[in-house]
Structures are given as structure tokens and as C-alpha cells.
Amino acid sequence: MTTELTFFGFEREAARFDRWSDCLRQVLAAGALHSSGSPFTEDLEHDFAAWLGRRHVVAVSSGTEALRLGLEVLDLPPGEVLVPAFTFQASVAAIVRCGLTPRFVDISPDTLQVDPAAVRAAVTADTVGILPVHLFGIPAPMTELTAIAEEHGLAVLEDCAQSVGAAVRGRKVGTFGAVAAFSCGPTKPLGGLGEGGLVAVNEPACDAHLRRARHNGALRDFRHELVGANAMMDSLQAAFLGRRLTELDDQLKLRRTAVERYEQRIADVPGVSVVRARPDDLAAPSKFTVLLPDSVDRERLVEVLTGRGVPTNVYYRVPQHRQECFAAYARDPLPVTEHAAAHALSLPLHPYLTDQEVDHIAGEFATAVREVRA
Ligand SMILES: *Cc1c(COP(=O)(O)O)cnc(C)c1O
């Protein structure tokens, strides 16, 4: 290996300095530093809406705020929102921050996405919504979830933070729910050089609310029609993201190619299974995640790999129902979630990984698994 391996490959952006400095030059030349009314933000919203196939997109400061504002705009009555515990904190925090109650549901063992049977079983008279998360770039089972939501009159907010470009039977995630939230944080496939998020809606009234809510409640002229936050996306970040969007489909292809290569290279490592999408679905891999067998001590494996220059990450060691801040909402047993939290391991994945690097990582992984096996 000539270059050091990192998990996200951020340092590889340095080789594209000219591309990014060109964006900075454009923003400065246009005198468009202010987020409010930035043509770069408007272009990004327009282009992303066209790419996704939704009527309105509103750019915000992060995926976390995209989720919170996306749930706020649904204006749900008090009640429970069904959400997987095997996710990042922000999916659940949005529910609590909107004054609603999270009700954790278990996931399916093969895809690690929310289990439709568990969702159906958790619906009560108190249920007001479903917040499916498309985790690791793998689509949640939207056909089944949409049917349950329609049957019971539930709102659906999709957390697409990790899965921009994934599709269920040819239909992109983020086009199923009334609202969809995306993250443009640097670790995400549509990542900028800093923080950002996007909210997609179809209703003009939702679009109008979101534009005020992200801008201290005012659309213009210091006329504050509601109590809002400063949750705007930087103009500069919008310019970067506009560029990133033009290369997103190509970068997703590179990610898929790397994942296929990983799968071939580790296919014969006994007991290790790859977390993947259902056959009719298309993944947009943001993470390459495997499940280790009981016989492999994950912490030791991580130590060995780190020692050999192979970075790894664990998504998620502590699922949300076991987090201190959500302890009050822990209720039902979630055996599949617990199993995933104890056995999942993610290997480096980004569009700049070379074939040789994938082979090297997969080789080190296979060797290390054999070594630490009990
Ligand atoms: C990253 C992430 C978020 C939050 O996005 P930020 O842009 O980091 O605020 C929400 N949900 C999931 C599943 C994520 O991975």
C-alpha cells in the first residue's frame, strides 16, 4: 500500500482541490455568502428535486434538522411514531424533539432494515406515524410499510440519510413517504465539505412552512410568521453539493463495484455474512457491513485490523433503545437489533478506493478473522 487507508477517504478530496476551489471562487464572485436567497441553494434544491423526482426540496443545515423539520411539517397529533432502534440517534431524536413518542420496532435479520411484521404488530390506536430508516444504503421494505401506513392512516417520514440513490423495485427511496430527509454530511454519499441536509415534500404548503422554519420563521423582510430556527444550508456548501450531485450517480456506481468486489473476496470466510438488499431492490452503499459469527470476538478483530492499518467502524454498538437519553422509551424486546449491534462490523467504503485497496482490506479481514476465531 502506498497510501494510508482511512475509513471515509476524506483526504482523497485534496487531489480534487481545483474542483472545490472553483466552487468557492464562484460563490465569492457572485457575492452570495448569505444563505438566504442564495442562487446556489436554489439551484441545488431544483436539481436535487429533479434528480429524485419530487416536487419540492428545501436545503437545511444537517440531516438531523432535515428529520426534525420534516416531522414538524407533518403536524401530527400526539402519539407514537414507530422507528427502528438500530439506527443513528437523529432518527429517534426528531420524534422526541417534536413532542411525539418513539416506539422501537425490531429489524429483519438479513437486511437489518425495519421488519414490516414488527411494525404491523406494534400499531395501536396511539400510533400516528412510521419513521423507516434506509440504513447502510439498503432500502427499507417500503412496499409493505406503505401498505400498513395506508391501512391505518399513518404518516410516513423516510430517513434517507445513508441511502440517497437506493431504490425499491426501481423507485427511489425518498419518494414513498409524505416527507423524506437526507443528510449531506461529509460521511454520506451526497456529502459536502461540511454539514448539510435536504428535505423533500410534495405539498406546496409543506415547502412554504419549511422555508420559514429554517430561516427563523421568516421568508423575508424580518416578518416572522412562526417561531423558527437558523437551520439554513450555507451558500458555499450548496455550491459544493451542486457539484457533488453531478457526480453522484457515477460515485454510487463506484461504491457498488467496490461492494461487489468485497463480496467476492470474502465469500469464503466461514460464518461471515454480508448485509445486503433484497433481490428486487437496489442498494446505494454508504457502508459495507458484515455480520460476524459468535466465534469471532469483534473487539479483538478490530484491534488486529487496526494494528495492520485497516480502519473499521461499528454501526451501531449501542442501539437507540439502550441509549441513556431514550431509556424511558425502551419497552419491547428487540432480539434481532441486539444481535446486529453485537455482531456488525463495517469496512472502509468510498468512491476513491482502488481495486487493489479493496483486495488488500478483504485479504487482511479474512486473515484476521481466521486468527481471532475462538
Ligand atoms: C447521518 C445520519 C443522520 C443525521 O444526519 P446529519 O447530517 O449528520 O445531521 C440521520 N439519520 C441517519 C440514519 C444518519 O446516518
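Q: What's the strand order in the open sheet of 7 strands?

A: The order is S1-S9-S8-S5-S4-S2-S3, and the pairing is mixed. Two strands pair here if DSSP finds at least two bridges between them. Strands (E, at least two residues) and helices (H or I, at least four) are DSSP runs, numbered from the N terminus.

Q: Which strands stand at the edges?

A: S1 (56-60) and S3 (101-105). Each has a single partner strand, so one side of each is left without a neighbour in the sheet.

Q: What ground rules apply to the model?

A: This is a predicted model: local features need pLDDT of at least 70, side-chain atom pairs count only at pLDDT 80 or more, and totals for chains, interfaces and linings use all residues. Residues are numbered from 1 along each chain as its sequence is written, and side-chain values use heavy atoms, with hydrogens and water left out.

Q: Back to the sheet. How are S2 and S4 paired, parallel or antiparallel?

A: Parallel, over 3 bridges between S2 (residues 80-84) and S4 (residues 127-130). In that pair, Glu80 stands opposite Thr127 of S4.

Q: And which strands does helix H3 touch?

A: H3 (residues 63-72) packs on the sheet and touches S1, S5 (155-159), S8 (179-183) and S9 (197-201). Its direction makes about 170 degrees with that of S8. Contact means heavy atoms within 4.5 Å. Axes are lines fitted to C-alpha atoms, for helices over the stretch in contact, and angles run from 0 to 180 degrees between N-to-C directions.

Q: How many residues of S5 are buried?

A: 5 of the 5, so S5 is largely enclosed by the rest of the structure. Buried means under 20% relative accessible area, exposed over 50%, partly exposed in between (1.4 Å probe, protein chains only).

Q: Which residues sit on each face of S5?

A: Ala155, Leu157 and Asp159 are on one side, with Val156 and Glu158 on the other. In a regular strand the side chains alternate between the two faces of the sheet.

Q: Who are the partners of S5?

A: S4 joins S5 through 2 bridges, and the two run parallel. There, Gly129 has Ala155 of S5 as its bridge partner. S5 also runs parallel to S8, joined by 3 bridges. In that pair Leu157 stands opposite Val179 of S8.

Q: What sort of unit do S4, H6 and S5 make?

A: A right-handed β-α-β unit, with H6 spanning residues 142-152. Right-handed means that, with the strands pointing away from the viewer, the path from the first strand over the helix to the second runs clockwise.

Q: New topic. How many residues surround the ligand?

A: 15, and the closest are Gly63, Thr64, Asp159, Ser183 and Lys188. A residue counts as near if one of its heavy atoms lies within 4 Å.

Q: What are the polar distances to the ligand?

A: A polar backbone atom of Gly63 is 2.7 Å from a ligand oxygen. A polar side-chain atom of Asp159 lies 2.8 Å from a ligand nitrogen. An N or O atom in the side chain of Ser183 is 2.6 Å from a ligand oxygen.

Q: What covers the buried residues of H4?

A: The cover includes H3, S2, S3 and S5. The buried residues in H4 (residues 89-97) are Ala90, Ser91, Val92, Ala93, Ala94 and Ile95. Just after H4, Gly99 takes a positive phi of about 75 degrees.

Q: Last one: what's the order in the open sheet of 3 strands?

A: S7-S6-S11, with antiparallel pairing. S7 (171-172) and S11 (281-282) are the edge strands, each pairing on one side only. S6 (residues 167-168) and S7 are joined by 2 bridges, and Val168 has Arg171 of S7 as its bridge partner.

Conventions: Polar contact = N/O pair within 3.5 Å; in protein donor to acceptor, adjacent residues only side chain to side chain.
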